[in-house]
Number of protein chains: 2
Amino acid sequence: MKESIHAMSSIAIRPARRDDVASIISMLADDHLGRARERLEDPLPALYYKAFERVSEDPNIELVVAEEEGRVVGCLQLCILPGLSSQGASRGLIEDVRVASDRRSRGIGEQLVHWAVGEAKVRGCKLVELLTHQTRVDAQRFYERLGFARSHVGMTIRF
Amino acid sequence: MKESIHAMSSIAIRPARRDDVASIISMLADDHLGRARERLEDPLPALYYKAFERVSEDPNIELVVAEEEGRVVGCLQLCILPGLSSQGASRGLIEDVRVASDRRSRGIGEQLVHWAVGEAKVRGCKLVELLTHQTRVDAQRFYERLGFARSHVGMTIRF
């Protein structure tokens, strides 16, 4: 246990800014699923900045980054979703969790998810949910370790 | 095939109104998971109406009902979620799909989901996602028939 405590990174979790967008896309593109989906070009395509504006304007969405010694090393998006079910409790939805490949296994993802669950509680949620791709077996073990249950099937349609 | 065509209900899909809330909660409460979670009382607890107000005020959430001959027989909530991934495309999230127990197998759920997928496309989504509980095997088959893939694991934490 000592080893994992020593290995914990000292990070700050803060709202993402416009000048973090390239770092975020670079993390989103850095895996077997993201590589085919993103356009990691220089300059970054304007559609990413337009999407960042939509995210920033939505009071029910919080896009945060983990910063370590001035470098963005992780990201997470939390959506707060009002709804009628579960006695009108809002739900939290976690999306797009990523940690820079050279900064993994240091507790950064854990700190991001703990932040998101805490924030969802503060904002009145009684449930936090997420979908992880069937192939992300490590991610599923990670979330189980943090108290999430594999309770649902996540279904998607792309077009 | 003719039978299923003959059995299709003629319904109207429209935004939910405040006076639909009791019908919606009654459908949400009418299954093995919802029964323990909802408070189907008369009058309905005020927290449901407060949640309805939060839903109505959120431009990225559309709560709709299926109406058949003046009666609410189905419901669905669609959330449009901006985000950076997939080249800044928004995602659609479908939640709380229900059809009144005496009106099932008539295509009402299918029409609701078709509406949601079409609306998500119009609003710029390239993906629609949803979570169904592991025990809802019929629902999983239903979504597969409509083109959804069992691509993800849906994970949840309740508190």
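**Helix packing in a two-chain predicted model**

In chain A, the buried residues of α6(A) pack against β4 (90-99), α5 (108-122), β5 (125-133) and β6 (149-158) of that chain, together with β6 (149-158) of chain B. Contact here means heavy atoms within 4.5 Å, while helices (H or I, at least four residues) and strands (E, at least two) are DSSP runs numbered from the N terminus. This is a predicted model: local features need pLDDT of at least 70, side-chain atom pairs count only at pLDDT 80 or more, and totals for chains, interfaces and linings use all residues. Residues are numbered from 1 along each chain as its sequence is written, chains are lettered from A and ligands numbered from 1 in the order in which they are written, and side-chain values use heavy atoms, with hydrogens and water left out.

So which residues of α6(A) are buried? Along this helix (residues 137-145), they are Q140(A), F142(A) and Y143(A); buried means under 20% relative accessible area, exposed over 50%, and partly exposed in between (1.4 Å probe, protein chains only). They cover an arc of only 160° around the axis, which puts them on the same side of α6(A). The arc is taken from the directions from the helix axis to the C-beta atoms. Over on the other side of α6(A) sit D138(A), R141(A) and R145(A), which are exposed. After the helix comes G147(A), with a positive phi near 105°.

Next up is the pairing of α5(A) with α6(A). Their axes come within 11 Å and cross at roughly 55°; axes are lines fitted to C-alpha atoms, for helices over the stretch in contact, and angles run from 0 to 180 degrees between N-to-C directions. That makes α5(A) oblique to α6(A), given that angles under 35 degrees count as roughly parallel, over 145 as roughly antiparallel, 65 to 115 as roughly perpendicular and the rest as oblique. At this meeting point, G109(A), E110(A) and V113(A) of α5(A) touch F142(A), Y143(A) and R145(A) of α6(A).

How do the two chains relate? A rotation of 180°, with 0.0 Å of shift along its axis, superposes chain B on chain A (RMSD 0.0 Å). The two copies are thus related as by a two-fold rotation axis. Copies are superposed by least squares on the C-alpha atoms of residues with pLDDT of at least 70 in both. The same surface serves both copies, as 100% of the contact residues of chain B recur in chain A.
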